[in-house]
Amino acid sequence: MDIMGKKTRLRAMEKKDCEMVCGMFNDPGIESLVVGWAFPLSLYAQEKWFDNHFNDNTDFRFVIETEEDGAVGIATLTDIDWKNRCATHGIKLAKKEYRSKGVGTDSVMAIMRYAFDELQLNRLDSAWLPENVVSRGMYMKCGWIEEGTRRNYIYKNGKYNDLFIGGILASEYYELVQKNHYWD
């Protein structure tokens with residue numbers, strides 16, 4: 001099943017997408033703004049990851065596609081806790097030209113609809129670095145709440161950085177959609 005947004009389509013990751021994903025992980029401009037490890041990733045290693053995780057029901061990677069450009073990034077639901085009905089969400093767009101065009105916002109809205117309507121999750125979490133004002137703005141636009149700061153939590157770009165923690169509840173998503181008529 002594909003997850004449809006208004007501007008995007010999120011589909012299951014295929015082995016052919018490993019090259020794009022590898023390119024994003026190896027792009028210093030992208031990696032300097034996102035949480036996680038920054039180390040060179042070979043296509044072989046990415047394909048091995050795919051082979052080992054394609055059937056995992058607690059970690060999903062979806063490829064973000066637009067009608068005009070095809071695959072433009074990934075959106076994730078990871079660390080799914082089926083008992084407590086929560087998961088972590090992340091998003092990466094492959095190139096700067098896809099940012100500030102609503103692709104990220106639409107992808108987050110589509111992920112939330114899928115997580116809350118189809119998977120019956122109650123909560124999504126995410127985190128971003130203070131320097132990543134674009135991600136922060138996107139999540140705030142999508143109704144997320146900045147819930148706290150982990151001080152000096154992430155070592156990146158040669159220094160310890162704070163980590164902003166955000167989340168959204170299913171009830172907050174439904175309230176947002178009712179107010180902004182996103183899916184109408």
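Contact, as I use the word in these entries, means heavy atoms within 4.5 Å. I number helices and strands from the N terminus as DSSP runs (helices are H or I, at least four residues; strands are E, at least two).

**Entry: the model.** I am working with a predicted model, in which local features need pLDDT of at least 70 and side-chain atom pairs count only at pLDDT 80 or more, while totals for chains, interfaces and linings use all residues. Residues are numbered from 1 along each chain as its sequence is written, and side-chain values use heavy atoms, with hydrogens and water left out.

**Entry: confidence.** I looked up pLDDT, the predictor's confidence in each residue, from 0 to 100. The protein chain has a mean of 91, and 99% of its residues reach 70 or more. Confidence is lowest in helix 2 (residues 28–31), with a mean of 78, and highest in helix 6 (residues 170–180), at 98.

**Entry: helix 4 with helix 6.** I took axes as lines fitted to C-alpha atoms, for helices over the stretch in contact, with angles from 0 to 180 degrees between N-to-C directions. Helix 4 and helix 6 pack at an angle of about 125 degrees, and their axes are 10 Å apart. Angles under 35 degrees count as roughly parallel, over 145 as roughly antiparallel, 65 to 115 as roughly perpendicular and the rest as oblique, and helix 4 and helix 6 are therefore oblique to each other. Their crossing is left-handed (the near helix is turned anticlockwise from the far one by less than a right angle; clockwise would be right-handed). From helix 4, Met109, Met112, Arg113, Phe116 and Asp117 meet Ala170, Tyr173, Tyr174, Leu176 and Val177 of helix 6. I sorted these residues by class (Ala, Val, Leu, Ile, Met, Phe, Trp, Tyr, Cys and Pro are nonpolar; Asp, Glu, Lys and Arg are charged; the others, Gly among them, are polar), and the contact of helix 4 with helix 6 has eight nonpolar, no polar and two charged.

**Entry: helix 4 with helix 5.** Helix 4 (residues 103–118) also packs with helix 5 (residues 133–141), at an angle of about 45 degrees and with the axes 10 Å apart. This crossing is right-handed, and Gly104, Thr105 and Val108 of helix 4 touch Met138, Tyr139 and Lys141 of helix 5.

**Entry: helix 1 with helix 3.** Helix 1 (residues 18–26) and helix 3 (residues 43–53) pack at about 120 degrees, with their axes 9 Å apart, and they are therefore oblique to each other.

**Entry: salt bridges.** I searched the whole structure and found nine salt bridges (a side-chain nitrogen of Lys or Arg within 4 Å of a carboxyl oxygen of Asp or Glu). One of the pairs I noted joins the side chains of Glu65 and Arg9, at 2.4 Å, N to O. Glu65 lies in strand 3 (residues 60–66) and Arg9 in strand 2 (residues 8–12), so that the pair links distant parts of the chain, 56 residues apart.
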